[in-house]
Amino acid sequence: MFIQHYHLSSHTRILSTGGARVVDINLDIVTSTRNIPAGLTHLFTENCYQSQLSTIARHSVHCVSADYIGDFVIKVSLE
């Protein structure tokens with residue numbers, strides 16, 4: 001996840017509880033070397049980082065707004 005540090009722990013807990021494996025990666029290294037970690041399928045980010053993610057997106061990694069996490073939890077809770 002590439003999000004502000006004050007959201008990181010809560011988003012990590014939500015994703016881990018749902019069965020996700022949350023990994024740390026360095027955006028600068030990934031974008032400059034095109035070294036995408038094996039098994040990386042989704043990347044949650046905030047809008048301010050979207051422009052830096054084209055390299056990752058070209059490797060079939062779904063780059064999604066971190067807002068989706070909260071929206072999904074609320075939607076599932078209401079159904």
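## The nonpolar core

Eight residues make up the largest nonpolar core: Leu27, Val30, Ile36, Leu40, Leu43, Leu53, Ile56 and Val61. A nonpolar core is a set of buried Ala, Val, Leu, Ile, Met, Phe, Trp, Tyr and Cys residues joined through side-chain atoms within 4.5 Å. Buried means under 20% relative accessible area, exposed over 50%, and partly exposed in between (1.4 Å probe, protein chains only). In soluble globular proteins, nonpolar side chains tend to be buried together.

This is a predicted model, in which local features need pLDDT of at least 70 and side-chain atom pairs count only at pLDDT 80 or more, while totals for chains, interfaces and linings use all residues. Residues are numbered from 1 along each chain as its sequence is written, and side-chain values use heavy atoms, with hydrogens and water left out.

## The chain as a whole

The protein chain has four helices and two strands. Along the sequence, their pattern is α-α-β-α-β-α. Helices (H or I, at least four residues) and strands (E, at least two) are DSSP runs, numbered from the N terminus.

The protein chain has 79 residues, and 24% of them count as buried. Contact means heavy atoms within 4.5 Å. Among contacts in the protein chain with a separation of 6 or more, 44% join residues 24 or more positions apart.

Valine 30 sits in helix α2, residues 27–33. Its relative accessible area is 3%, so valine 30 is buried. Leaving aside neighbours within four places in sequence, valine 30 is in contact with Ile25, Asn35, Ile36, Pro37, Thr55 and Ile56. Isoleucine 56 is 26 residues away along the chain, yet the C-alpha atoms of valine 30 and isoleucine 56 are separated by 7.5 Å.

Leucine 43 lies in strand β1. Leucine 43 is buried because its relative accessible area is 2%. Its C-alpha atom is separated by 9.9 Å from that of valine 23, 20 residues apart along the chain. Leucine 40 is in contact with Ile25 and Val61, again leaving aside neighbours within four places in sequence.

## The start of the chain

Isoleucine 3 is found in the segment before α1 (5–17). With a relative accessible area of 10%, isoleucine 3 is buried. Not counting residues up to four places away in sequence, isoleucine 3 touches Leu8, His11, Phe44, Thr45, Glu46, Tyr49 and Ala66.

Helix α1 has 13 residues. From first C-alpha to last, α1 reaches 19 Å, close to the 18 Å expected at 1.5 Å a residue. The expected span is 1.5 Å times one less than the number of residues in a helix. Glycine 19 follows α1, and its phi is positive, near 100°.

## The largest pocket

About 500 Å³ of space lies in the largest pocket. Of the 21 residues that line this pocket, the closest to its centre are Leu15, Ala20, Arg21, His42 and Phe44. A pocket is an open set of points on a 1 Å grid over the protein atoms alone, where a 1.4 Å probe fits, with protein on both sides within 12 Å along at least five of seven lines; lining residues have an atom within 4 Å of a point. Grid points are joined across faces, edges and corners, and a volume is the space filled by probe spheres set on the points.

At least two lining residues come from each of α1, β1 (42–45) and α4 (67–78). The largest share, four residues, comes from α4. By class, the lining has 16 nonpolar, four polar and one charged residues. Here Ala, Val, Leu, Ile, Met, Phe, Trp, Tyr, Cys and Pro count as nonpolar, Asp, Glu, Lys and Arg as charged, and the others, Gly among them, as polar.

## An exposed loop residue

Serine 60 is found in the loop between α3 (54–57) and β2 (62–65). Serine 60 is exposed, with a relative accessible area of 62%. Its phi is near 60°, a positive value in a residue other than glycine.
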